[in-house]
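Visitor: I am new to this structure. Please take me close to the aromatic rings and the nonpolar packing around them.

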Amino acid sequence: MARVMLISLGTGPSVEQGITYSIKTHRPDRVIFFATAQSAPTQAKVEGLLAEQIPMETIYISDGDDPNEIYREACSKLRELRQEEVLVDFTSGTKAMSAGLVAAALAQGIKQLVYVSGQRGPDGRVISGTEQVLTLKPAEILADRLKHQVILFFNKRLFGAALQLIAQGLEEIQAPPHRRDLEELKKLCLAYQAWDWFDHRQAHEYFQNIDRELIQRWSEQIAQNKGWVAQIARADLSEDRLIDLWLNAQRRMEEGHWMDAVARLYRLTELIAQFRLRRQHGLESGNLDVSKLPEALQEKYNQLRDEKGRIKLGLRQDFELLAELGDPLGKHYDHRLEGALQARNESIAGHGLKPVSREDCERLAEQVRALLRVVVPDWERQARQGQFAQLEW
């Protein structure tokens, strides 16, 4: 790994002394200067003071008072140097040049900034022979930037990306307060990722490691989410699980993942009918007990037994049975719902090859929302507990 030094070039008497001192101290394999037309002669003076020749490159800046220009140029160069050890010396040059160079270094995650100090004369310049190099390691700034990115990913539900950043941060960051923050964010990402993947039992275990102090630091909504996941983990087919599946589908819709959302809405349609049969009528759709049916219906459903003697109802049959039992939910399986469900059946997630459009998804969501309202009239109030927390920091 080569050591590369980026330096902003200034003008004025003896400015080359400090730059030369910095180069001799750090002994880079290569130097890249950022210069204006006015400061270019300083490079020749530096070269004259160095005993050894070092490969040098000069990037010219048209306006030394525009920090944005050197920022863009420095960022571009730093991206080329990702595999190298980079130091940035911002001692000389205009204030705008120094500001732009430092901003670029921080944006690109450079871990060492260099500044040459010393005793100053009446003109405010460092007196030759009194130079000393100050190495600044902006760990605090970089740690804060990394945590900000993790929180941004969390709030966008990109938990995998957030966990990768956290792993990187725990390797590089040593300061205990920052490590504590990253460990807490890791707990949250693991819990919410498992929850988003429908692994409620695993999510419940992760949430058990989230204490009140952590909740108070990041978001009070976490407490409600913790209780919500615990309820679902303890139950099988419940109102909470239906609402949770709706919320998961809603998140996929917000992300524009229409096929994923439609797959969830289709499954929710099935579960709503199965839940209603169990809760209101004591019937299991996957293993129908005909003896619990009205006598007038028993012969019809006995004919549906498979080779093992079991009766398993499909989605449409669930709604037909509900209608025959006089349940108002059964009446909701009409041409509108059937048409909306067709988008899933014709997609790659069902039995076809068609893509799922936003319109397909929204049409099905409207129908499923109506079904959910029948079985859980106050579902929207309950759903507040299941809304993912947004972290604040």
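Guide: First, a term. A residue is buried when its relative accessible area is under 20%, exposed when it is over 50%, and partly exposed in between, using a 1.4 Å probe and protein chains only. The model is predicted, so local features need pLDDT of at least 70 and side-chain atom pairs pLDDT 80 or more, while totals for chains, interfaces and linings use all residues. Residues are numbered from 1 along each chain as its sequence is written, and side-chain values use heavy atoms, without hydrogens or water.

Now the rings. Rings of Phe, Tyr and Trp (its six-membered ring) pair if their centres lie within 6.5 Å; planes under 30 degrees apart are stacked, over 60 edge-to-face, and the rest tilted. Helices are DSSP runs of H or I with at least four residues, strands are runs of E with at least two, and both are numbered from the N terminus.

The structure holds 12 aromatic pairs. Take Phe-154 and Tyr-192: their ring centres are 5.1 Å apart and their planes stand at 80°, so this pair is edge-to-face. Phe-154 belongs to helix α5 (residues 139-155) and Tyr-192 to helix α7 (residues 176-196), so the pair ties together parts 38 residues apart in sequence. Both Phe-154 and Tyr-192 are buried.

Next, Trp-246 and Trp-379. They also form an edge-to-face pair, at 5.5 Å centre to centre and 70° between the planes. Trp-246 sits in helix α11 (residues 239-254) and Trp-379 in helix α17 (residues 379-382), so this pair ties together parts 133 residues apart in sequence. Trp-246 has 3% relative accessibility, so it counts as buried. Trp-379 is buried too, at 4%.

Rings also gather in a group. Phe-154, Phe-159, Tyr-192, Trp-195, Phe-207 and Phe-388 make up one aromatic cluster. Phe-388 has a charge over its face: Arg-251, at 3.8 Å from the ring centre. "Over" here means that NZ of Lys or CZ of Arg is within 6 Å of the ring centre and within 35 degrees of the ring normal. Arg-344 lies over the face of Tyr-266 in this way, at 4.0 Å from the ring centre.

Stay in helix α11 for a moment. Leu-247 lies there. Its relative accessibility is 3%, so it counts as buried. Leu-247 touches Ala-383, Gly-386 and Gln-387, leaving aside residues up to four places away in sequence; contact means heavy atoms within 4.5 Å. Leu-247 and Gln-387 are 140 residues apart along the chain, yet their C-alpha atoms are separated by 7.3 Å.

Now the packing. A nonpolar core is a set of buried Ala, Val, Leu, Ile, Met, Phe, Trp, Tyr and Cys residues joined through side-chain atoms within 4.5 Å. The largest such core has 81 residues. The members that touch the most others are Leu-188, Tyr-192, Ile-222, Leu-242, Trp-246, Ile-272 and Leu-321. Helix α12 (residues 258-281) supplies the largest share of this core, 11 residues. A second, separate core has 22 residues, including Ile-59, Leu-81, Ala-104 and Leu-113.

Look again at Leu-321. Not counting residues up to four places away in sequence, it touches Leu-277, Leu-283, Leu-288, Leu-293, Leu-297, Tyr-301 and Leu-313.

Phe-198 is in the loop between α7 and α8 (200-208). It is not a glycine, but its phi is positive, at about 70°. With a relative accessible area of 34%, Phe-198 is partly exposed.
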